[in-house]
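Student: I've got a new model open and would like to talk it through with you. Can we start with the overall fold and then move on to the side chains?

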Amino acid sequence: MATEQSVDLVDDDTVGWFTKAVLLAALTAALAQISIPLPGALPPFSLQPFGMFFAGLLLGPLWGGVALLLYVLVGIAGAPVFSNANAGLGYVIAGQGTGGFLVGFLVGTVVAGAIAHRRTSPRPVADLSIPVQALALTAAIVVVYAIGVPWMSMVTGLSLTRAAALMAPYVPLDLVKLGVAIAIVQGGYLSGR
């Protein structure tokens, strides 16, 4: 008499982390829509960086990276998930010169997660000290600008110095977002504590 055995191709933990990555990708898309167009060549002010911050702190480098990779791929596929409902490969490559920041968000998430968790699997947020979280998110911001500014310079034809000067006013705003993100994560508002 034959007996049936069920075989799980993917364990429950993987399903759980992937689900969280999908939710953070969706949250990043929603936050990107809270965006204020600015005059001239200035990129829009948006809440998109919160997605990078939350993914790095809550999911670590691997699953946080998966979350932002999903976000970028869905946008490249044509879903209007980027700021001001933009989408498509053309927007990322050339668009308004801000595609490098989207790539920077992905790499920044991995860097933030790696610094905060110091391993691929995430630690409980309660185990992450606030200084380590601040260091991790500051490094993520540095990565975003290190990729985004040269990309913007190349796409728009601005000199690197001019592109950096154009983006400089955004840095203090991103540092404020960093503080708010840490407060939200510490408060347990996203982890259901």
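Student: How many helices and strands does the protein chain have, and what pattern do they follow along the sequence?

Tutor: Keep in mind that this is a predicted model. Its secondary structure comes to 7 helices and 2 strands. Read along the sequence, these elements give the pattern α-β-β-α-α-α-α-α-α.

Student: What does the radius of gyration say about how compact the protein chain is?

Tutor: For 193 residues, the globule rule gives 16 Å. The radius of gyration of the protein chain is close to that, so the chain is as compact as a globular protein of that length, at 18 Å.

Student: What share of the residues counts as buried, and what box do the C-alpha atoms fill?

Tutor: Buried here means under 20% relative accessible area, and 42% of the 193 residues count as such. Taken along the principal axes, the C-alpha atoms fill a box of roughly 75 × 40 × 25 Å.

Student: How do H1 and H2 pack: roughly parallel or roughly perpendicular?

Tutor: H1 covers residues 12-32 and H2 covers residues 49-76, and their axes are 8 Å apart. The angle between the two helices is about 95 degrees. Angles of 65 to 115 degrees count as roughly perpendicular, so H1 against H2 is roughly perpendicular.

Student: Which residue classes make up the contact of H1 with H2?

Tutor: Let's go through it by class. The contact has 1 charged residue and 3 polar ones, and the nonpolar residues number 21.

Student: How many aromatic pairs are there, and what is the geometry of Phe 50 with Phe 53?

Tutor: The structure holds 5 aromatic pairs. In the pair of Phe 50 and Phe 53, the rings are 6.4 Å centre to centre, with 90 degrees between the planes. Planes over 60 degrees apart count as edge-to-face, so this pair is edge-to-face.

Student: Why does the pair of Phe 82 and Tyr 91 count as stacked?

Tutor: Phe 82 and Tyr 91 are both buried. Their ring centres are 5.7 Å apart, and the pair is stacked because the planes are at 20 degrees.

Student: Which residue has its charged end over the ring of Trp 17?

Tutor: Look for a charged end 4.4 Å from the centre of the Trp 17 ring. That charged end belongs to Lys 20.

How values were computed
Residues are numbered from 1 along each chain as its sequence is written. This is a predicted model: local features need pLDDT of at least 70, side-chain atom pairs count only at pLDDT 80 or more; totals for chains, interfaces and linings use all residues. Side-chain values use heavy atoms; hydrogens and water are left out. Axes are lines fitted to C-alpha atoms, for helices over the stretch in contact, and angles run from 0 to 180 degrees between N-to-C directions. Helices (H or I, at least four residues) and strands (E, at least two) are DSSP runs, numbered from the N terminus. Angles under 35 degrees count as roughly parallel, over 145 as roughly antiparallel, 65 to 115 as roughly perpendicular and the rest as oblique. Ala, Val, Leu, Ile, Met, Phe, Trp, Tyr, Cys and Pro count as nonpolar, Asp, Glu, Lys and Arg as charged, and the others, Gly among them, as polar. Rings of Phe, Tyr and Trp (its six-membered ring) pair if their centres lie within 6.5 Å; planes under 30 degrees apart count as stacked, over 60 as edge-to-face and the rest as tilted. Buried means under 20% relative accessible area, exposed over 50%, partly exposed in between (1.4 Å probe, protein chains only). A charge sits over a ring if NZ of Lys or CZ of Arg is within 6 Å of the ring centre and within 35 degrees of the ring normal. The radius of gyration is taken over C-alpha atoms; the globule rule is 2.2 Å times the number of residues to the power 0.38.
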